Amino acid sequence: MHTSLVKAFALIGVALLAVSPTWADTPGKHPAYLHALSDLRDARAHLTQTTSNETVDQAQAHAIDHIDKAINEIKQASIMDGKNIQDHMTVDAHLDHPGRLHNALDLLNKAKSDVSSEEDQPDTKGLRMRVMQHIEDARLSVEHAIEIVLGHK
């Protein structure tokens, strides 16, 4: 009887160890925020290149400021899920400045889409609204920089 019980616990232990790696990949309460966080970090990386145009640099700096604010807001929700919040892609070094700006805008649009999805926790509504406002402010700054770079303003 004692041997059977030990074997049963050993079998349960092995089963739990085999399953535990999949727990780390299971989305937490805010998986959309994690996608948005990754997109925001990537967009920020596209905007760090300075230009010879002070107005464009100011627009990029304004966008980066709002991206940083959105990232900090999202961290509040993401850290609780125990996910890696440092992950982001590298920027294609061969992209020209307008290409970087357009990629940043695309990433901000994706982040906005991720964050605007339905939230199942009512206590995060304020967080969601603040993040969306920061993303929108960043989007407007990037659009302004694109207009200047392309000569439309």
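This is a predicted model: local features need pLDDT of at least 70, side-chain atom pairs count only at pLDDT 80 or more; totals for chains, interfaces and linings use all residues.
Setting aside neighbours within four places in sequence, L107 touches D39, D42, A43 and H46, where contact means heavy atoms within 4.5 Å. L107 sits in helix 4, and with a relative accessibility of 11% it counts as buried (under 20% relative accessible area is buried, over 50% exposed and in between partly exposed, with a 1.4 Å probe and protein chains only).

Residues are numbered from 1 along each chain as its sequence is written, and side-chain values use heavy atoms, with hydrogens and water left out.

P98 is another residue of helix 4. At 22% relative accessibility, P98 counts as partly exposed. Beyond the neighbours within four places in sequence, P98 is in contact with V149 and L150. P98 and V149 are 51 residues apart in sequence, yet their C-alpha atoms are 6.8 Å apart.

Now for the helix pair. Helix 4 (residues 97–116) packs against helix 5 (residues 125–149) at an angle of about 160 degrees, and the axes are 9 Å apart. Axes here are lines fitted to C-alpha atoms, for helices over the stretch in contact, with angles running from 0 to 180 degrees between N-to-C directions. Helix 4 is therefore roughly antiparallel to helix 5 (over 145 degrees; under 35 is roughly parallel, 65 to 115 roughly perpendicular and the rest oblique). On the helix 4 side, the contact is made by residues including H97, P98, L101 and L105, and on the helix 5 side by residues including R128, V131, I146 and V149. By type, the contact residues split into 14 nonpolar, four polar and five charged (Ala, Val, Leu, Ile, Met, Phe, Trp, Tyr, Cys and Pro are nonpolar, Asp, Glu, Lys and Arg charged, and the others, Gly among them, polar).

As for the chain as a whole, there are five helices and zero strands, counted as DSSP runs numbered from the N terminus (helices are H or I, at least four residues; strands are E, at least two). Of the 153 residues, 37% are buried. Among contacts between residues at least 6 apart in sequence, 82% join residues at least 24 apart.
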